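Thanks for passing this model along.

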Amino acid sequence: MSTPSAFVPHTAKGARPHRFIQFQVSGGGYMRIEPVAPHTFRVRLSESDAFPEPPLVRYGVITHPEGETEYETDYETDRDGERLTIRTADAMLDIDTCSGTICLRKPDGTMLTASSVPPWSTRSGFGAEFVLSEDERFYGLGDVTRDRIEQRGHRFDMWVLNVKSYAPIPYLMSSKGWGLFVNTTSRHSVDIGKTVADKLRFWGRSGELDFYLIAADSYAGLLNHYTNLTGKPQLLPIWAYGLTFVCNQQATAREMLDDAVQFRREGIPCDLIGLEPGWMEHRYDYSLNKSWHPERFYLPYWADQGPGTFIGALERQGFKLSLWLCCDYDLTHHEERLAGGADEAGPADTGPADLHPDDYEQDTRLQEPTYMDKITKPEEPWFAHLQKFVDQGVAAFKMDAANQTLEHPDRKWGNGLDDNAMHNLYPLLLGKQMHTGFKERTGRRSMIYSAGGYAGIQRYAATWAGDTGGGPRPLVSVLNHGLSGHTNTSCDMEVFTPAGIHFGFLQPWSQVNSWAYWRHPWLLDKKQLRMFKLYAKLRYRLLPYIYSAAHTAARTGLPIVRAMPLAYPDDPNCANLLQQYLFGDSLLVGAFTETIYLPAGEWIDYWTGARYTGGQELQVSVPGHAGGPLFIRAGAILPEWPEMDYVGEVSLERIGLRVYPCGDSEFTLYEDDGATYRYLEEQVAVTRIRSQHAGGRTVIGIGPREGRYEGMPDTRTFELFVHVSTKPAQVTVNGQPWQEEPKRTSGEEQSADSPATAWTYDDEAAAVRLLVTEDPARLAGVTVELLQK
C-alpha cells in the first residue's frame, strides 16, 4: 500500500480495528475517509478532528463486518498534488483534498457520481451535492411517499410522521450503480433533481456530515451492501408468515377464544391472534404497571400461567397470542448502558456524565420547569416489565404508532440528545429493545410488528403500513420498503373487496385487523368468504416458497416483494410500475388493476393456465373466484405444503413440488426449525432443485438435503406435479422407467394399491403427477426424466 506521509491511515483510540484517512480541507474543517468494504466508502466532515460516533454507530445499528480481519490489504492510495485516490477491489474514490469534493468510480475509472460543490459541515448544519446523469433513476428512502417508487424530480423531508411518513430510510440507490446512505438521525432533507434537475442534494440543520457511498453492478448488489451496514432483514418465526388476525378491540377472553374456534370450524388457516388496547386494565397504558383487564381477561393470581389460562386454551387450538402496546419510555438509558459495555467513552459532547438530571426531560416553555417523563426508571429496561406477559405465553407484540411517531420538541432524552436527533431514532430503538428483550428472555425469534421505523428497522421488527388501510397506497409503501432494505412489511387487509383480499394474502406477511370493526372472515358474504378461504389456503400451501424467499432476504437483503425495477432493472417499462410486483422468484402479482405488464419470458396465468409471451401489456380477465392477476414465470419450481390449520399441525415428511418446465431453472428450498436462532449457526437444510427442458425432454433434479436442523424429517417424499402440455411417452426416475397408472379424475388421490413406481397424467391440469422419495444413501439425489411423444 503506497500512502503519502501526509495521509497516513489512522486508527482511532478505542475504536474498531478499521483505519481511515484524515486531512484538513481549505475551509478549515477536517475530512475523514474510511473504506469500510471493497465497495463502500464512509465520508465524514467536521469542524474538529475528534469525529465522535453518531447514534446509529454508537448503538450498534451500523456495523462494518467486511474487511475487519483483512483491512490492511483492502485498499491503496495515490496522491497527485491535491488529488488523492483511494482504490479498493470494487471501487475508486477521488478526493480533492483542498475543497473536499469527491468522485466515486468503478475500478476501471468510469465515473459513477461526483460532487458538484464542496460538502459542508458547520454548527449551522451539514450537506453535500452530487451531479446527476440525464437518464439516471433513483429508488429507496423507505416510507416517505406512497405516490411513486422512482424518486427523481422530488424532494423529501426525512422525518417520522404519523400516517404520512411512518418509516423514512435515508438510503437511495441509482440506476448507474451507486448508492447513498446518510448516517444521521437528525431531521434532514433530500432533493433528487427537483430544485435543480441535474443535482442531488441532501442537508440538515444540525449534526455533522456523515454518509456512505456504495458501488455495485445492480440494485440487488447495492441492497446487499447496504444491509451489510445496517443489518440483514430479520428472519421471522415461520408461523409469522402465515395469517395474523387482530380481534375487535372490545373483545373479551371468551370472545377471542370463540374467534379462534371459528377459524378452525371454517377451515381457515391462521396462526396469530392479536388483542388491541382493550386487553389492558387501563386503556392505552404505556406505564410500567400495565396489567390484564380484570373482567375481560381475568387471570387468577395463583395460576396466571399454564394450560388452564385463556392463553393455554388458545395454544391448544394452534394459535399464538399478540398484544398491542404503545410506548413513551426513555429507551436511551438502557441503550447507553449497552453502548458503555463496548465503549466506555460516553457519547460525543453530550454524554450522560455531563448532564444533571434537571437538565433534561423538561418543558421549558411553561412558567416553571415541568418534567415531561413521568414513567421512566433509568435503571430499568423497558422490556423488563413485559417479561411477565412473555412468561405467561404471549408470543408477539404490536407496537402502535402512538407516541413513537409524535414529536417531543421540548424533551431532552437521557442520552443528552434533543428531539431533533432522537425523533427518528426512537422507533428504531423501540424495535431493537423489543426484539432483543424477547430474544434474551426466550431464545426464540421475535415477532414484533411496528408502525414506525428508520434505517436498520429490518434487523429488529416487521412493520405494517399503519392506520392507512390495505389499498394501492400501502402497496407502494411495501414496494418502497423493499427498495430500502426492509422486507417484512404488510398492511391491514381490506377484506370487503376481492382486490383487497388478493393483495392482502400476497404480501411478506398477512394480517386482518378488525380493530373497531367486524372484519371476521365468517361475517363476509358467501362469495367473499369462499374467496378468503381460497387465498388463505393458497398462502399456507406457498409457505415453504415464501419462507425460502425470507431466507434469501436474510442472507442478501433481496426482499420477498420485489418492485419491478428491482426484478427487471434493464426493462424501462418496469421503471415505475406501482400496481404489480414479483412475489419471490417466480410469481408475478397484479394488485388493484386488471392491466399487467409481462416482462421478457413466458408467463402462465395462475387462474386459467393460459400462456403468454412477455414484453407486452395485458388486459387480464380475472375469474370471479379470484381478486387480481397472478402469473407464474415459466420455469418456476414451487414447493407446497399440505393443507393445514396452522404451522406445525402437519408433519412435513411429504411436500408438494410444482414444476413448470421452460429452459434451465432452479430453486433453493431453505428449511430450519422455524423458531430459534440456530439458523445463524448453519442449522439449516438446503435442497437445490433444478429443471431442464429442451425439445421433448424434461429433466428435474432434486438434490440431497444439505445440512440438518432439530426436528428435521429423516426422509422426504416429494409429490411432483410437472406441468407439461401433453402426456409423456416415458417417465424415468433415477434412470429406471416407471409405468403409467390408469387415468384418474383431477384431484383424485392415488389408490393404496397403486404401485410405488407409477405416474399419472391429469389432462385438466396438464400435469404429470408422481411420488418420489429421497434415498439418503444416494448423494446425487433424485432425477426425474420425461420424454414427450
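**Notes on the fold and its packing**

1. Let me start with a helix lying on a sheet. Helix H2 (residues 219-230) lies across strand S2 (30-37), S3, S11, strand S13 (168-174), strand S14 (178-182) and S17. Its direction makes an angle of about 145 degrees with S13. Contact here means heavy atoms within 4.5 Å. Helices (H or I, at least four residues) and strands (E, at least two) are DSSP runs, numbered from the N terminus.

2. A word on what you are looking at: this is a predicted model, in which local features need pLDDT of at least 70 and side-chain atom pairs count only at pLDDT 80 or more, while totals for chains, interfaces and linings use all residues. Residues are numbered from 1 along each chain as its sequence is written, and side-chain values use heavy atoms, with hydrogens and water left out.

3. The seven strands form an open sheet in the order S1-S2-S3-S17-S14-S13-S11, with antiparallel pairing. Strand S1 (21-24) and strand S11 (138-142) are at the edges with a single partner strand each, so one side of each has no neighbour in the sheet. From one strand to the next, the twist averages 15 degrees. Two strands count as paired if DSSP finds at least two bridges between them.

4. Within that sheet, look at strand S3 (residues 40-46) and strand S17 (residues 209-215), which pair in the antiparallel sense over six bridges. Val43 stands opposite Phe211 in S17.

5. A second open sheet has five strands in the order S4-S5-S6-S7-S8, again with antiparallel pairing. Its edge strands are strand S4 (76-80) and strand S8 (111-114), each pairing on one side only. Neighbouring strands are turned by 15 degrees against each other on average, direction ignored. S4 is joined to strand S5 (residues 83-87) by five bridges, and the two run antiparallel. Arg79 stands opposite Leu84 in S5.

6. How do the axes of H10 and H11 cross? The axes of helix H10 (residues 498-505) and helix H11 (residues 526-541) come within 10 Å and cross at roughly 15 degrees. H10 and H11 are therefore roughly parallel to each other, a label used for angles under 35 degrees. Axes are lines fitted to C-alpha atoms, for helices over the stretch in contact, and angles run from 0 to 180 degrees between N-to-C directions.

7. Which residues make this contact? H10 supplies Pro498, Ile501, His502 and Phe505, and H11 supplies Gln528, Met531, Phe532, Tyr535, Ala536 and Arg539. H10 is also mostly covered, with seven of its eight residues buried, among them Ile501, His502 and Phe505. Buried means under 20% relative accessible area (1.4 Å probe, protein chains only).

8. Strand S36 (residues 637-640) is covered on both faces: Ile637 and Pro639 on one side, and Leu638 and Glu640 on the other, are all buried. Four bridges join S36 to strand S37 (residues 654-659), and the two run antiparallel. The bridge partner of Glu640 in S37 is Gly656.

9. Finally, have a look at Tyr709, in the loop between strand S40 (697-702) and strand S41 (717-722). Is Tyr709 buried or exposed? Tyr709 is buried, with a relative accessible area of 11%. Not counting residues up to four places away in sequence, Tyr709 touches Glu671, Asp672, Asp673, Gln683 and Ala685. Tyr709 and Asp673 are 36 residues apart in sequence, and their C-alpha atoms are 6.1 Å apart in space.

Notes
Angles under 35 degrees count as roughly parallel, over 145 as roughly antiparallel, 65 to 115 as roughly perpendicular and the rest as oblique. Buried means under 20% relative accessible area, exposed over 50%, partly exposed in between (1.4 Å probe, protein chains only).
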